[in-house]
Amino acid sequence: MKKKIAIIGAGSWGTALAKVLEENGHKPVLYSNVEDQIKEINEEHTNKMFLPNLVLSENIKATTNLKEALTNAQIVLFVLPTKVTRIVARQVSEIIEDKVILVTASKGLEQQTHKRISEILQEEIPEEKREGIVALSGPSHAEEVAVNDLTTITAASTNLDAAEKVQELFMNNYMRIYTNKDIIGVEYGAALKNIIALGAGALAGLGYGDNAKAALITRGLAEISRLGIAFGADPLTFIGLSGVGDLIVTCTSIHSRNWQAGNMIGKGHSLDEVLETVGMVVEGASTVVAACELAKEKNIELPITEAIYSVLYEHADVRNTIIELMNRDPKAEAHSKDRK
Ligand SMILES: NC(=O)C1=CN([C@@H]2O[C@H](COP(=O)(O)OP(=O)(O)OC[C@H]3O[C@@H](n4cnc5c(N)ncnc54)[C@H](O)[C@@H]3O)[C@@H](O)[C@H]2O)C=CC1
Ligand SMILES: O=C(CO)COP(=O)(O)O
């Protein structure tokens with residue numbers, strides 16, 4: 001059955017997901033607060049700043065009027081930069097009257113509160129207005145989804161019924177969706193891989209090779225799992241699509257904005273210069289702050305994450321920081337039988 005889906009955020013990911021939903025026979029409506037962008041989508045059927053080569057179906061409508069986007073929508077999909085999600089969720093909550101399925105496709109942790117996106121939605125949108133909260137996550141660059149390249153992702157929720165509805169919504173012959181009950185693990189994997197991707201970009205910018213890349217991905221995954229497990233995640237989630245899957249794609253793809261930002265840092269640019277040049281959201285740059293604070297709170301060691309923080313915010317020299325990481329005290333790799 002054809003469903004109306006309000007897509008809150010008309011950047012590269014929101015636009016690519018709108019295309020999938022339209023091709024699956026649904027009625028997506030994109031919402032953004034940028035007038036010119038909305039006009040371009042409605043009149044030119046393009047969104048050139050975010051996906052330069054894409055021509056959209058005329059069935060995909062866009063609006064700067066949040067009420068218009070939300071009226072009669074059964075599903076509300078949040079695809080905003082993490083830092084504006086709470087404020088927009090509050091606006092959504094004031095408008096919606098009937099129960100909707102809330103979906104988040106954003107990947108980050110909120111500054112100060114350290115909350116996951118589903119926690120923000122839970123806090124801002126009361127229970128009587130939501131049928132379930134689902135996190136959609138996994139290895140999925142918008143640039144590839146936009147050209148119907150094969151993609152598999154996860155729809156995670158404690159409400160399996162809601163997760164299955166979202167699974168059905170997006171499934172087709174180039175998108176395969178798995179469900180997962182561990183929304184905690186899925187959201188930590190999604191947010192924290194962006195930090196490690198900044199590191200992978202920096203290594204490439206400095207000219208390090210594939211051994212270094214593999215080491216960073218592997219030890220990065222150890223850090224992501226350690227932090228996620230401390231907050232209740234299922235360890236198995238981190239070897240799934242939203243864990244190692246997304247970590248691999250973000251650490252190895254030139255499409256990744258986090259990788260691109262890291263690459264420029266490795267080449268000697270400042271964070272401010274980098275963020276201006278990339279021009280799209282680089283979630284790892286803010287999530288690294290939340291991750292370091294969470295690690296301190298739980299007394300967890302995250303050496304790579306902390307090193308990336310010190311390069312971004314404490315003017316640490318990248319090469320020296322890498323050498324310091326390599327020269328830390330010798331350690332054993334963790335084995336499950338060593339765990340208490
Ligand atoms: N681009 C990608 O391939 C993927 C991105 N993601 C995640 O999706 C989220 C969004 O990413 P992108 O679409 O790439 O971001 P983007 O930078 O391409 O676009 C963000 C969009 O949000 C809109 N926006 C910003 N502030 C707003 C506000 N206050 N009210 C209304 N609209 C506002 C902007 O106008 C823009 O349309 C991020 O958390 C990212 O990590 C997840 C998977 C893939
Ligand atoms: O999450 C993504 C791919 O799965 C997109 O990553 P970037 O935000 O680094 O582009």
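Which residue in S8 is the bridge partner of Thr154? Look for Tyr178, which takes that place. This is a predicted model, in which local features need pLDDT of at least 70, side-chain atom pairs count only at pLDDT 80 or more, and totals for chains, interfaces and linings use all residues. Residues are numbered from 1 along each chain as its sequence is written, while chains are lettered from A and ligands numbered from 1 in the order in which they are written.

**View 1. Strand S7 and its partners.** Helices (H or I, at least four residues) and strands (E, at least two) are DSSP runs, numbered from the N terminus. Two strands pair if DSSP finds at least two bridges between them. S7 (residues 151-156) runs parallel to S8 (residues 175-180), joined by 6 bridges. To get from S7 to S8, the chain passes through helix H7 (residues 160-170), making a right-handed β-α-β crossover (clockwise from the first strand over the helix to the second, with the strands pointing away from the viewer). S7 also pairs with S6, this time antiparallel, over 3 bridges. Here Ala135 sits opposite Ala156 of S7.

**View 2. Ser140 in its loop.** Ser140 is in the loop between strand S6 (130-137) and helix H6 (142-145). A residue is buried if 20 or more other C-beta atoms, placed from the backbone, lie within 10 Å of its own. Ser140 counts as buried because 25 other C-beta atoms are within 10 Å. Two residues are in contact if their C-beta atoms, placed from the backbone, lie within 7 Å. Skip the neighbours within four places in sequence, and Ser140 is in contact with Val145, Thr151 and Ile153.

**View 3. Asn258 in helix H11.** Now hop over to Asn258, in helix H11 (residues 257-266). Asn258 is buried too, because 27 other C-beta atoms lie within 10 Å. Leaving out neighbours within four places in sequence, its contacts include Asn194, Thr250 and Glu283. An unreviewed UniProt entry lists both Ser140 and Asn258 under "binding site"; such annotations may be inferred rather than shown by experiment.

View 4. The protein is divided into domain 1 (4-181) and domain 2 (191-338), with bounds from an automatic or database domain assignment. Their C-alpha centres lie 26 Å apart, and 23 residues of domain 1 are in contact with 23 residues of domain 2. On the domain 1 side, helix H4 (82-95), H6, S7 and S8 each supply at least two residues. S7 gives the largest share, 3 residues.

Conventions
Buried ≥ 20, exposed ≤ 12 C-beta atoms within 10 Å, placed from the backbone.
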